[in-house]
Structure formats: C-alpha cells, structure tokens
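Please look at the sequence and the structure before reading on.

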Amino acid sequence: MDNFVLHIKTKFVFGKGEFDHLSQYAKTLGKKALVVTGKRFAKESGLLDKALKQLEDSGIEAVVFSEVEPNPESDTVDRGGKLARENHVDFVIAIGGGSVIDAAKMIKVVAVTERPCWDYFERPPKATIDKPTLPLLTVVTVAATGSELDSSCVITNTETRDKRGFFSSKIYPDISIIDPLLTLSTPKKQTIDGVVDMFTHIFESYLSSKASAPVSDGISEVLMKEAMKYGEIAFNDLQNVEARENLSWISSLALSQIPSAGRNGPFPIHGLEHPISGLYHISHGRGLAIILPSFLYHTKEIHTERLKKLGKALFSTDSPSKSIERLVHYLKKVEAFESLKQYGIKKEDLKKFAKMVLADEGKDFVAAREPLSEETILKIYETAYDYKDMFKNA
C-alpha cells in the first residue's frame with residue numbers, strides 16, 4: 001500500500017429532509033452569507049426561496065449570487081468573490097451540484113485573497129492560499145461530482161477555455177448537507193451523467209495505480225457495482241428514493257479519499273475530458289461517458305490485470321475485452337454511449353484537445369498506469385469522435 005494521510009474536515013449531514021435544518025448549521029458558521037446558486041434550478045424549484053426564509057427566520061443576512069454556469073468559469077468566480085468581499089459576508093452557502101460547489105470553493109478564496117481565481121490554476125501556480133478562507137456550507141442537489149466531501153475543484157478559464165483542477169485542504173466545505181430528496185427532480189440524462197462521473201472517480205485510481213491495496217480495491221468494486229445498479233434503477237424510475245439515497249452516498253464517498261486510500265493513482269480519463277467540456281457546452285459526465293470506451297480500448301494492454309479484476313467483480317468475466325464490452329453495454333442501456341461527433345465537436349479540434357491536456361499536465365505525456373504519449377491521446381480522441389460500428393455487439 002502507498003502511505004496516506006486521511007483528513008476530511010467536512011461535517012457531513014446526510015438524510016431525507018435534512019435541508020429543513022439548513023439554518024441550524026448555517027448559524028454555526030456566521031451571521032451574513034453569500035448564497036451561491038446556478039442560474040435557474042435553485043430559483044425555479046423554489047429551493048432558493050426556502051433557504052432564504054430559513055436564514056431570515058434565524059437572523060442570518062443573505063446576499064444572493066445566482067450566476068454560476070455549468071463548468072464554472074473564472075470570470076464568474078471572480079465576480080462572486082468581489083461581491084462577497086464588498087458585502088462583508090463572513091461565510092458562503094452553495095446550493096446546487098458540482099459546478100456551484102466548485103465555484104463556491106474558489107469564491108471563498110478570492111473573497112479573502114483578492115487575487116484572480118485563475119492565479120491558482122496556472123502551471124505552475126502564480127499564487128498559493130496563505131491565509132484562512134471563508135467558511136463554506138454546501139447543499140447538494142445532484143449526485144455526481146462528490147465536491148461536497150473533497151478538497152478539489154475544477155474551473156474553466158473564460159478567455160482561453162482551459163479547464164483545470166485545483167487541490168487544497170483549505171477549500172474543503174465546513175459542512176455539507178446531502179438530502180437525497182433534493183435530487184428527485186434531476187432529469188434522466190443528468191442523473192446518468194452523474195452516475196458516470198461518480199463511477200469514473202472511483203475507477204480512475206483503481207485502474208491506474210500499481211499499489212497493492214486489496215481493502216481499497218474491495219471498497220471500490222462494491223461502490224462501482226452499486227453505482228451501476230442504482231443508476232439503472234433511477235434511469236428507469238426517477239422518483240425511486242432508495243436509488244437516489246444510494247447514489248447520493250456513493251457520489252460523496254467516491255472522491256472522499258476513502259475508496260483510494262493506500263492506492264495513489266492519476267486521473268487520465270478526467271484529464272482527457274476537461275478540454276471537451278472546456279471548449280464545448282457538454283456536461284462533464286457525458287464527456288466522460290464518451291471518452292471512457294475509447295480510453296479503455298486504446299490502453300487495454302497496460303490495464304490487462306486490472307480489467308480482469310474489474311471483470312470478475314462486476315461482470316462475471318476475467319476477459320479484459322469482455323469487461324470493456326459489458327461496460328459499453330451498460331452505457332447503451334442508460335443511453336450514454338455516444339460520440340463526440342454527435343455533439344457537434346469539430347474534428348480539427350481533436351489535436352487542440354491533445355495540446356490542452358498536455359499543457360494541463362505540464363509534461364509531454366499524460367500520467368496513467370503507463371505514460372500516454374500525444375499520439376495515443378490523439379488516437380483516443382479520434383476513436384471517440386465517431387465509434388461507427390465499434391462495440392456494435394456490446
């Protein structure tokens with residue numbers, strides 16, 4: 001096993017109806033909040049009004065920032081940080097999915113440091129967080145990214161369209177409320193995109209690490225299997241509360257460091273997806289679903305033993321090829337096996353994707369179980385551009 005330090009500072013509040021206790025937890029963090037949401041859902045669903053009423057009844061003043069877009073942008077984060085600073089808020093509340101929470105994580109930094117958000121995402125970074133940031137409370141409305149229980153966020157540069165991740169123990173949420181009932185209105189496609197995202201979070205280090213960590217492997221296998229099971233149930237019955245509960249818990253655990261403890265490994269599939277959703281308006285989870293089959297097809301040889309292990313645990317086969325086919329079969333069942341071409345992505349941008357992912361890595365290869373060259377990366381994009389008859393029997 002690899003050595004590891006597991007320090008999750010977030011207080012985790014999980015259960016049906018826990019949103020109704022928002023103000024109880026909010027008042028432990030401050031007296032004036034910046035409430036961060038997306039542009040539509042929190043307002044149109046009435047969730048924002050319910051939150052503001054709770055805060056008002058508890059004597060907490062609120063300033064609303066409802067400007068976060070999917071794949072949140074650096075300019076948006078900077079505006080949110082400025083608004084927080086000018087209104088002298090003393091904590092931040094994020095109500096939404098991973099995009100809203102990721103934006104809020106950096107808003108709470110920018111509010112204090114007064115530096116442009118992207119300074120922290122440069123390679124190498126232009127700045128590090130050298131002072132305490134504002135406390136953060138999150139209310140999760142989509143089971144997907146697991147941002148509510150981890151120390152990372154992903155932001156897209158408004159001008160260059162580079163999409164990059166940032167990691168720091170200083171951006172952990174202080175409190176996260178996960179009320180599975182809030183996810184019941186998540187549409188079918190977004191639900192499955194979330195399932196693919198959480199599955200891939202678990203799958204990445206399972207696939208790419210060379211460490212021997214049988215306990216973590218077992219935890220990962222169960223979580224991946226249950227994500228697929230309850231994802232399919234939710235796909236066929238969006239109001240299934242049991243499925244929503246389990247997906248919410250799996251999503252949070254996926255990036256909590258618990259499944260990967262003792263097994264360090266890079267996240268190449270996420271790295272390859274980031275340029276796609278950075279340049280085009282496509283959800284991160286859907287981008288992962290598109291890239292995943294091609295990635296496994298072109299890296300099967302370096303992942304043979306891990307795919308055998310995955311196959312035995314999830315698909316009752318020790319054949320790497322059949323494991324890939326059965327994963328594709330699952331994606332087909334939940335209507336997630338698609339191509340880049342279907343989303344209007346220009347073929348000439350594939351080379352640009354490859355250049356962008358290498359720039360993010362800061363190297364001439366992408367870290368995986370074995371380094372991936374620019375040539376291999378481009379092949380992965382080219383296959384995912386139009387699968388044609390590939391996997392037709394899956």
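Leaving aside residues up to four places away in sequence, Asp-197 touches Ala-144, Thr-145, His-270, His-284 and Leu-288, where contact means heavy atoms within 4.5 Å. The model is predicted: local features need pLDDT of at least 70, side-chain atom pairs count only at pLDDT 80 or more, and totals for chains, interfaces and linings use all residues. Residues are numbered from 1 along each chain as its sequence is written, and side-chain values use heavy atoms, with hydrogens and water left out.

Asp-197 is found in helix H6; helices (H or I, at least four residues) and strands (E, at least two) are DSSP runs, numbered from the N terminus. Asp-197 is buried, with a relative accessible area of 3%. Here buried means under 20% relative accessible area, exposed over 50%, and partly exposed in between, with a 1.4 Å probe and protein chains only. Between Asp-197 and Lys-363 there are 166 residues in sequence and 25 Å in space, C-alpha to C-alpha.

Two helices can be set side by side by their length; the expected span is 1.5 Å times one less than the number of residues.

| Helix | Residues | Number of residues | First to last C-alpha | Expected span |
|---|---|---|---|---|
| H7 | 214-236 | 23 residues | 33 Å | 33 Å |
| H13 | 350-361 | twelve residues | 17 Å | 16 Å |

The buried residues of H7 include Ser-216, Leu-223, Met-224, Tyr-230 and Phe-235. Among the elements that cover the buried residues of H7 are H6 (188-208), H8 (241-254), H11 (304-315) and H12 (320-333). In H13, the buried residues include Leu-350, Phe-353, Met-356 and Asp-360. Their cover includes strands E7 (163-167) and E9 (365-366), together with helices H9 (268-279) and H14 (374-385). After H13 comes Gly-362, whose phi is positive, near 75 degrees.

Two packed helices are described by the angle between their axes and the distance between the axes. Axes are lines fitted to C-alpha atoms, for helices over the stretch in contact, and angles run from 0 to 180 degrees between N-to-C directions.

How do H6 and H8 cross, and at what angle? Their axes come within 9 Å and cross at roughly 40 degrees. H6 and H8 are therefore oblique to each other: angles under 35 degrees count as roughly parallel, over 145 as roughly antiparallel, 65 to 115 as roughly perpendicular and the rest as oblique. The crossing of H6 and H8 is left-handed, meaning that the near helix is turned anticlockwise from the far one by less than a right angle; clockwise would be right-handed. H6 contributes Thr-191, Val-195, Met-198, His-201 and Ile-202 to the contact, and H8 contributes Arg-244, Leu-247, Ile-250, Ser-251 and Ala-254. By class, this contact of H6 with H8 has six nonpolar, three polar and one charged residues. Ala, Val, Leu, Ile, Met, Phe, Trp, Tyr, Cys and Pro count as nonpolar, Asp, Glu, Lys and Arg as charged, and the others, Gly among them, as polar.

H10 (residues 284-298) and H12 pack at an angle of about 170 degrees, with their axes 10 Å apart. The two helices H10 and H12 are therefore roughly antiparallel to each other. In this pair, H10 passes H12 in a left-handed crossing. Ala-289, Leu-292, Pro-293, Leu-296 and Tyr-297 of H10 meet Ile-324, Leu-327, Val-328 and Leu-331 of H12. These residues divide into nine nonpolar, no polar and no charged.
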